[in-house]
Amino acid sequence: MIIGGGLSGLAAGIRFARFGQKVLILEKHTKAGGLNSYYFRKGRLLETGLHAITNYAPPENKHAPLNRLLRQLKIPRRSLKFRQQQTSEILFLGKAALLFSNDFSLLLSQIDEYFPESTRNFKAMIAELDRYDPFLPRPKISAREFVSSFLQDKLLVEMLFCPIMYYGGNDEHDMDLSQFVILFRSIFQEGLFRPEGTIKDLLDLLQQQYKDFAGEIEFSSGVKEVIASDGKVIGVITNKGEEIRCDYLISTVGVPETKKLFATTDSAARFSKLDAKKLSGRLSFLESIYFFEKSACKDFPLDRTIIFYNLNKKFVYQRPDDAVDLNSGVICFPGNFQEDQHDETLQMRVTHLANYELWRQARDDDDKSLYPAMKTAWTERSKKVVGKIIGNYSENIVYEDTFTPVTIERYTSRTQGAVYGCPLKLKDGRTNFDNLYIAGTDQGYLGIIGSMLSGVTVVNQHILQRI
Amino acid sequence: MTIDEIREVILEIIRDIDDEADLDNLNSGEALRDQLDLDSMDFLDIVMELRKRYQIQIPEEDYPQLATLDSCVNYLMPRLKAA
C-alpha cells in the first residue's frame, strides 16, 4: 500500500504492479499529482509545482536518470515528446547576468566572459563534482564551504546558489553537498525540459500505465492513522473510517507528516524521536500565475525560459521576516520551450520566498478580509518588482491567480507549505519499522524525475527483494 | 525447456526491458550488462520477470551467475527443465 498519489507514489505503484503484485494507492485528493498537480479556473488549466523538469537527457544516453526511470516504468522514450528549454538566466540586477541552457558549454563560456579569473577554479570544481557520488551515505557537508573553497568571487558563488536553492533548497542558507551535486547536475549539466502538453498529460500517462498493470488507486482517501505493533505496520485507517491491512507500506507524504499518523505516542517516538515541529521545513513560497494574450507580449523576453533574479549582491535564502521576500524570485515562462505549442495565451509564473507563519496568522484571523487583502497587496508589489526586470505587464493580464504557503499546505499536505520537505532526509528510505518505507521528497531525491526515481528505488531495493 | 528456448526467453525479456537493445551482435560469453549498456536496475527486472513468468526465486547471491547469456542458460536449465 502507498500513501500519496503524487509522482513518487505513482512510480512506486507502477513498479509493484508491473510484477503482478497487488497494490493500492491512497490519495487524499480528487486528483493525482501531489506537489505537481493542476486545477481548473474559468476553463483554464493551471499547473501547480511544475515550471520545468530537470534532468534532460538525449535518448541515447541510457544511464541518464531520465532514461533509466522510463525503462523502469516501462514507458517507451519515443512515446513521449520532450521540449527542451531555450535559454535561462541568473540575473543579479545591476551586477551581473549568466545565461545557461541544456548545453553546459554556454554556462562555461559565460563564466569565462564575466568571471575570467574564476574559470580555472570553476573547471576544477566541476571535475571534483563529477567524481562525487551523492547517493553514498555520509555525514552532512556544507555545499557553501565546498563551493567557496574553489571560487573566490563571492558574487559568482551567490549566483550559482540562486537557481540551486530555488529548485530544491529544503534548509535555509546552505545545503548538504550531496543535494547540491544532484541539483547542479540536474539543472546545469543535464538541463531543463517539459513534456508536451501539461502536467495533466504526464499524470494521465502514469495513471494509465499503473492501471494497465492492474494497480488500484482510491481518490478522496486520506489516511487518518497508521496502525503499528511490535515494530511492524499492520495497516491504516482511512479518513472514511475504513481499516485496510497491508504487508508493506510506503509513505510519500513526508517525514513529519508520517510521524503524525501514528496512533500511539510509542509508535510515533519509534518512528522518529524528533518533534514534528522541528522536523518541518521552514521554506515556502508565494506563487502567481499570469495569462496574457500573445499579441500583447511582443516586448516579453520570448527566448528566456526561466529568469532567476536577485536584487542585491548577496542571495538570501531563508524564511523572510515579511510575508514575502521580493529581493529574489523565479520568473518562468512555461511556453518558452523549444518547439512552440502555438498556445493562444502566454503564461508566466512568478515565485518568491514567503513566510508560512504570517500567512497562517492572516488566514486564521477573525477579520476574514485580511488574508485576501494581503494576497492582493503582495501580488501587486511583486508585479512592480518583476516589471522592472521584464517590463511592465500588469495591464495585459487576462487572468491571474496567486497561491500562498497556506494554499500549498492545504493541497499538498506538506506541513508549513514546505514543498522541499524537511531538512532531515532518509536517504535509503528505511524507517525504524520493518515494513514501512519513506519515498518522495523526504528521501532526498529532488524534482519530478528525482521523486519518481525515489519511488522506484525504494521498491527495488527494499521490497521486490523480499516478496 | 531446451537450451534454445531458454535463450529465447532471456532475449525476449531483455527486449521487453529495453526495446532498443542490440541483441543481434550479442556475444553469449560476455557480460550482458557491458554489452547492452544496462545497469543494476535493469538487471533486477530480468530477475523479476523470470519470477513473474516462471515462479523461480533467484536469491541475490546467485545474481553473478546471470552475468552472461551462457551462464544464464546454465543457471536456468535445471530450474526451467519442467517448464
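Biologist: At roughly what angle do the axes of helix α1 (residues 7-18) of chain A and helix α15 (residues 447-463) of chain A cross?
Modeller: This is a predicted model, in which local features need pLDDT of at least 70, side-chain atom pairs count only at pLDDT 80 or more, and totals for chains, interfaces and linings use all residues. Residues are numbered from 1 along each chain as its sequence is written, while chains are lettered from A and ligands numbered from 1 in the order in which they are written. Helices are DSSP runs (H or I, at least four residues; strands are E, at least two), numbered from the N terminus, and axes are lines fitted to C-alpha atoms, for helices over the stretch in contact, with angles from 0 to 180 degrees between N-to-C directions. The axes of α1(A) and α15(A) come within 7 Å and cross at roughly 40°.

Biologist: How many residues in the contact of α1(A) with α15(A) are nonpolar?
Modeller: Residues are in contact if their C-beta atoms, placed from the backbone, lie within 7 Å, and those meeting here include A:Leu7 and A:Phe16 in α1(A) and A:Ile448 and A:Val459 in α15(A). Ala, Val, Leu, Ile, Met, Phe, Trp, Tyr, Cys and Pro count as nonpolar, Asp, Glu, Lys and Arg as charged, and the others, Gly among them, as polar. The contact divides into 1 charged, 6 polar and, for the class asked about, 9 nonpolar.

Biologist: Is A:Val458 buried or exposed?
Modeller: A:Val458 lies in helix α15 of chain A and touches, among others, A:Ala12, A:Ile250 and A:Tyr437. A residue is buried if 20 or more other C-beta atoms lie within 10 Å of its own, exposed if 12 or fewer, and partly exposed in between. Because A:Val458 has 29 other C-beta atoms within 10 Å, this residue is buried.

Biologist: Which helix gives the most to the side of chain B that touches chain A?
Modeller: The contact takes 11 residues from chain B and 11 residues from chain A. On the chain B side, the most, with 5 residues, comes from helix α3 (residues 40-54) of chain B.

Key. Two residues are in contact if their C-beta atoms, placed from the backbone, lie within 7 Å. Lists of a residue's contacts leave out its neighbours within four places in sequence.
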